[in-house]
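Please keep the sequence and the structure in view while reading.

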Amino acid sequence: MMRMTLSVFHTLAIAALCGIAGAVGAQSPADAGRGRGLYENHCTVCHTAKVHSRVNRLSMSQAELRDIVDRWQREEKLRWSAQDISDVVEYLNRTRYGYGAAVR
Ligand code: HEC
């Protein structure tokens, strides 16, 4: 009976782990609200979001914006996931850059 209980537990544990692995692997649609939190926590040390609306801004496309965000998170050693980067790009895209299509 004990053996049986353990084996059921084992099966459930593996199912739970697979569930977690699945959740990490799959990227959900970019979440601007979450991106805003990440941005405000880590990126407003040096500049406010106004830097993204200045006349001679650096970013000219959504791809370029993503590159710059990725460069900054590396610079800051934040180890952001692709999802984190997408969320911040979506936040900046919506609030400052307006490149249109939602970030994937
Ligand atoms: C150590 C200070 C510092 C930190 C921290 C920082 N930035 Fe910046 N960022 C700058 C400076 C300075 C510029 C302007 C660079 C220039 O004009 O060449 C800039 C410019 C940018 C731009 C380009 C704006 C434009 O002109 O379109 C983006 C995008 C950006 N930062 C995103 C981020 C993100 C995302 C983070 C957080 C991960 C971050 N930055 C953290 C200093 C910083």
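Val-69 counts as buried, because 24 C-beta neighbours lie inside 10 Å and the cut-off for a buried residue is 20 or more. The model in which this count was made is a predicted one. Val-69 belongs to helix H3. Leaving aside its neighbours within four places in sequence, Val-69 is in contact with Ile-85, Val-88 and Val-89. Val-69 and Tyr-39 are 30 residues apart along the chain, and their C-alpha atoms are separated by 9.7 Å.

## The overall fold

The protein has four helices and zero strands. Along the sequence this gives the pattern α-α-α-α. The protein contains 104 residues, and 15% of them count as buried. Among contacts in the protein with a separation of 6 or more, 71% join residues 24 or more positions apart.

## The nonpolar core

Which residues form the largest nonpolar core? This core has 10 residues: Ala-30, Ala-32, Tyr-39, Leu-65, Val-69, Ile-85, Val-88, Val-89, Tyr-91 and Leu-92. At least two of its residues come from each of helix H2 (32–42), helix H3 (62–75) and helix H4 (82–97). The largest share, five residues, is supplied by H4. As a general background, nonpolar side chains in soluble globular proteins tend to be buried together.

Leu-92 is one of the core residues, and its place is in helix H4. Is Leu-92 buried or exposed? Leu-92 counts as buried, because it has 26 C-beta neighbours inside 10 Å. Apart from neighbours within four places in sequence, the residues in contact with Leu-92 are His-52, Leu-65 and Tyr-97. Of these, Leu-65 is also listed in the core. Leu-92 and Leu-65 are 27 residues apart in sequence, while the distance from C-alpha to C-alpha is 8.6 Å.

Another residue of helix H4 is Gln-83. Gln-83 is partly exposed, because 17 other C-beta atoms lie within 10 Å. Gln-83 and Gly-35 are 48 residues apart in sequence and 9.3 Å apart in space, C-alpha to C-alpha.

| Pair | Separation in sequence | C-alpha to C-alpha distance |
|---|---|---|
| Leu-92 and Leu-65 | 27 residues | 8.6 Å |
| Val-69 and Tyr-39 | 30 residues | 9.7 Å |
| Gln-83 and Gly-35 | 48 residues | 9.3 Å |

## How H2 meets H4

Two packed helices are described by the angle between their axes and the distance between the axes. For H2 and H4, the axes come within 7 Å and cross at roughly 95°. H2 is therefore roughly perpendicular to H4, since angles of 65 to 115 degrees count as roughly perpendicular.

Which residues meet where H2 and H4 are in contact? From H2 they are Ala-32, Arg-34, Gly-35, Arg-36, Leu-38 and Tyr-39, and from H4 they are Asp-84, Asp-87, Val-88, Glu-90, Tyr-91 and Arg-94. By class, this contact has five nonpolar, one polar and six charged residues. Ala-32, Tyr-39, Val-88 and Tyr-91 are also among the residues of the core.

## The loop between H3 and H4

Lys-77 is found in the loop between H3 and H4. Lys-77 has a positive phi of about 50°, although it is not a glycine. With 6 C-beta neighbours inside 10 Å, Lys-77 counts as exposed.

Arg-79 also has its place in the loop between H3 and H4. The phi of Arg-79 is near 55°, a positive value in a residue other than glycine. Arg-79 is exposed, because 8 other C-beta atoms lie within 10 Å and the cut-off for an exposed residue is 12 or fewer.

## The shell around the ligand

How many residues surround the ligand? There are 19, and the closest are Cys-43, Cys-46, Arg-57, Leu-58 and Trp-72. H2 and H3 are the elements that give two or more residues to this shell. H3 gives the most, with five residues. The residues of the shell divide into 12 nonpolar, five polar and two charged.

Notes
Residues numbered from 1 in each chain as written. Predicted model: local features only at pLDDT ≥ 70, side-chain atom pairs only at ≥ 80, totals over all residues. Core = buried A, V, L, I, M, F, W, Y, C linked by C-beta atoms within 7 Å. Contact = placed C-beta atoms within 7 Å. Near = placed C-beta within 6 Å. Nonpolar A, V, L, I, M, F, W, Y, C, P; charged D, E, K, R; others polar. Axes fitted to C-alpha atoms, helices over the stretch in contact; angles between N-to-C directions. Parallel < 35°, antiparallel > 145°, perpendicular 65-115°, else oblique.
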